[in-house]
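Q: I'm new to this one. Please walk me through it, and tell me what each label rests on.

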Amino acid sequence: MMLTAAVRDLMLNYPGKYQIGVNTSCMDLWRNNPYITKLDPKEAAQLKVGYPLIHKSNQCGLHFINGFLLDINSKLNVDAKLTAFRPDLHFTEDEKEIPLKVNGLEPGEPYWLITSGGKNDFTAKWWAPNKWQAVVDAMKGKIKFVQVGAAGHQHPKLRNVIDMVGKTPAFRDVMRLAL
């Protein structure tokens with residue numbers, strides 16, 4: 001998701017200078033993105049980008065959203081600036097208007113998404129499951145919680161939530177739940 005922000009910001013800072021194609025593990029995020037061009041990988045220059053900023057995260061005071069953009073700036077010798085402090089996802093009108101069905105929620109009923117746990121690569125991003133449970137317990141009767149997360153990652157089960165962990169067909173569907 002953070003790479004979507006970097007692509008947006010490179011294109012907004014340098015309009016018309018680049019054509020960008022992407023090849024990521026989550027291509028669903030790029031659907032409908034106006035900054036992406038379908039390129040022939042055999043003919044296009046390849047630029048592998050990452051987020052080396054992660055290795056300085058406790059020292060530099062920058063958010064993860066800056067990581068990819070700083071790496072792109074360094075590799076292209078440009079100075080693109082962050083234009084918005086959010087990912088850049090593009091949903092169709094149908095995706096926005098037709099909500100995903102969540103068993104346990106009535107159409108239009110308000111809810112909060114909650115992710116307890118995550119991947120094992122950077123567990124510092126996790127908050128203790130008992131603290132998440134305390135939030136759920138404190139809000140009982142006021143708001144419903146939908147617990148989301150990828151199958152195969154660690155997501156400690158919480159009580160009194162609607163469990164959608166591993167039950168959305170694509171990551172894009174999880175993002176649609178956040179609309």
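A: Let's begin with some rings: Y51, F64 and F68 make up one aromatic cluster. Before going on, note that this is a predicted model, where local features need pLDDT of at least 70 and side-chain atom pairs count only at pLDDT 80 or more, while totals for chains, interfaces and linings use all residues. Residues are numbered from 1 along each chain as its sequence is written, and side-chain values use heavy atoms, leaving out hydrogens and water.

Q: How many aromatic pairs does the structure hold, and what kind is the pair of Y14 and Y18?
A: There are six aromatic pairs. For Y14 and Y18, the ring centres are 6.5 Å apart and the planes stand at 85 degrees, so this pair is edge-to-face. The rule is that rings of Phe, Tyr and Trp (its six-membered ring) pair if their centres lie within 6.5 Å, with planes under 30 degrees apart called stacked, over 60 edge-to-face and the rest tilted.

Q: What makes Y51 and F68 a pair, and of what kind?
A: Their ring centres are 5.1 Å apart and the planes are at 70 degrees, so they too are edge-to-face. Y51 sits in the loop between α1 and α2 while F68 belongs to helix α2, so the pair ties together parts 17 residues apart in sequence. Helices (H or I, at least four residues) and strands (E, at least two) are DSSP runs, numbered from the N terminus. Y51, with 29% relative accessibility, counts as partly exposed, and F68, with 11%, counts as buried.

Q: Which other residues of α2 are buried, and what covers them?
A: Along with F68, the buried residues of α2 are I65, N66, G67, L69, D71, I72 and N73. Their cover includes α1. Just past α2, N77 has a positive phi of about 55 degrees.

Q: Which elements does the chain have, and how many?
A: It has five helices and three strands, running α-α-α-β-α-β-β-α from the N terminus on. Of its 179 residues, 34% count as buried.

Q: What is the largest nonpolar core made of?
A: This core has 28 residues, and L3, V7, L10, V102 and V146 have the most contacts inside it. The elements giving two or more residues are α1 (2–13), α2 (65–76) and α5 (171–177), and α1 gives the most, with seven. Apart from it lies another core of six residues, including I114, V136, L158 and V161. The name nonpolar core goes to a set of buried Ala, Val, Leu, Ile, Met, Phe, Trp, Tyr and Cys residues joined through side-chain atoms within 4.5 Å.

Q: Which residues does L10 touch?
A: Leaving out residues up to four places away in sequence, L10 touches Y18, I20, L69, I72, L76, V78 and A80. A contact here means heavy atoms within 4.5 Å.

Q: Where is I162, and why is it called buried or exposed?
A: I162 is in strand β3 (residues 162–163). Its relative accessibility is 14%, so it counts as buried. Setting aside residues up to four places away in sequence, it touches V102, N103, G104, L105, K144, F145, V146 and Q147.

Q: What makes N32 worth a look?
A: N32 has a positive phi of about 70 degrees although it is not a glycine. Most residues other than glycine have a negative phi. N32 lies in the loop between α1 and α2, and with a relative accessible area of 41% it is partly exposed. N160 also has a positive phi, near 60 degrees, and its place is the loop between β2 (144–147) and β3.

Q: How many positive and negative side chains are there?
A: There are 23 positive and 17 negative ones, and the centres of the two sets lie 6 Å apart. Lys and Arg count as positive, Asp and Glu as negative, and His and the chain ends are not counted. Each charge is placed at NZ of Lys, CZ of Arg, CG of Asp or CD of Glu.

Key: Buried < 20%, exposed > 50% of the residue type's maximum accessible area, 1.4 Å probe, protein only.
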